[in-house]
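Hi,

Here is the structure I promised to hand over.

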Amino acid sequence: MSERKTFNFSAGPGTLPESVIRKAQQDIWDIDGTGIGILEHSHRGKTFDRITEECEASARQLAGVGDDYAIFWMQGGATSQCYFVPANLLPEGETADYFQTGKWANDSIKEVPHYGTLHICGSSKDKNYSYIPMGDEVTYSPKPRYVHFTSNNTIMGTEFPAEPDAPAGVPLVCDMSSNMFSKPVDFKKYGLIYAGAQKNLGPAGATLLIARRDLVADPVRPLPEMMNYKNHAESEGRFNTPPTFAVYLMNEVMKWVIGLGGTAAMAEINREKADVVYDFLDAQDFYIPHARKDCRSLMNITFKCPTPELDKLFLKEAESKHLDGLKGHRSIGGMRASMYNAFPKEGAEALVSFMKSFAHEHASAVAN
Ligand SMILES: Cc1ncc(COP(=O)(O)O)c(C=O)c1O
């Protein structure tokens, strides 16, 4: 049992596996018996060679992709990928299709017109991004260069139930920051995936990329060297000094997922945890869930109390019960319970137990 009393529902940086943090504590002092801690090792030395190779192998194993995909990491967060993607992949005069499913999707969308033509192929803006556009709500442009989507909308609490059906031969580009390796995904259907580490993979500082080599072989325009995917792909994420600790920890977290049984086992665990909260939400009428049922996120659960005053009180009382980080994003308000891979089921149970007693206490005030 963990010595920590607080359940951390933060949307990211979020909860990491206890065993990984404990190992990191040791490795910060002395890793691999080298007499040097991980924070102090050169990124060109043997120890970091080992970490780089392992990190790539762990990601490759979890993604199930072969050598036709490059695996590397960059800095600048997922936010920098908003412009790296069109800068590298979208020639002037050509069109890229984007799903508009929330704030992070919009951040990507904003960058496209600097490089080429934007087409919104599906949008849920009409209902404050509470659903994922599907079926006839989606219209692709005649010849998109790629189709971009955000597989899990961290703020809204929605998740694509499956990847979009892009037109044949058109690469899928995905911001997988908030559900990376949370479930099995057929990565071979994708052209390029990026994920900021600080939710399911490790600490802030690294963004993991998995990209079809042909797509990152050469950018479509001359670019500054640091913006060129090719440089990063060809140098195993060591084009310049990488965030060494973040890479070390990503590897340890991915090994932890592999040890649990990989993404299939992870999905079962995540489903169980999320069901604890969703089953409760479905069986009551005090709290108001945000996401439409068929596109609910397993990672971020969004809901509100009947009034903003009660939201405030809920958050205050939850914190006093060691339920931390539940405040919803300002764009939708209310609450958001983020339960990433390493978040324990006991935390979901503690949340529901608190939600029950809070609703019991305040339901009559609302009815009057
Ligand atoms: C889905 C998604 N994309 C992008 C970002 C932005 O990531 P960063 O702050 O690392 O740039 C976030 C952050 O929460 C996110 O959840």
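This is a predicted model: local features need pLDDT of at least 70, side-chain atom pairs count only at pLDDT 80 or more; totals for chains, interfaces and linings use all residues.

Residues are numbered from 1 along each chain as its sequence is written.

The chain is split into domain 1 (32-259) and domain 2 (261-367), with bounds that come from an automatic or database domain assignment. Their centres, taken over C-alpha atoms, are 28 Å apart. Where they meet, 25 residues of domain 1 are in contact with 24 residues of domain 2; contact means that the C-beta atoms, placed from the backbone, lie within 7 Å.

Now the ligand. Around it you'll find Gly12, Gly77, Ala78, Thr79, Trp104, Thr150, Thr154, Asp175, Ser177, Ser178 and Gly196, each counted if its C-beta atom, placed from the backbone, lies within 6 Å of the ligand. Helix α3 (residues 77-89) gives the most to this shell, three residues (helices are DSSP runs of H or I, at least four residues; strands are runs of E, at least two; both are numbered from the N terminus).

Finally, look at tyrosine 140, in the loop between β4 (117-123) and β5 (147-150). Why is tyrosine 140 called partly exposed? Because it has 17 other C-beta atoms within 10 Å, and the label covers whatever falls between buried (20 or more) and exposed (12 or fewer), with C-beta atoms placed from the backbone. Leaving out residues up to four places away in sequence, tyrosine 140 touches Asp97, Cys121, Val147 and Pro167.

Cheers

Methods:
Two residues are in contact if their C-beta atoms, placed from the backbone, lie within 7 Å.
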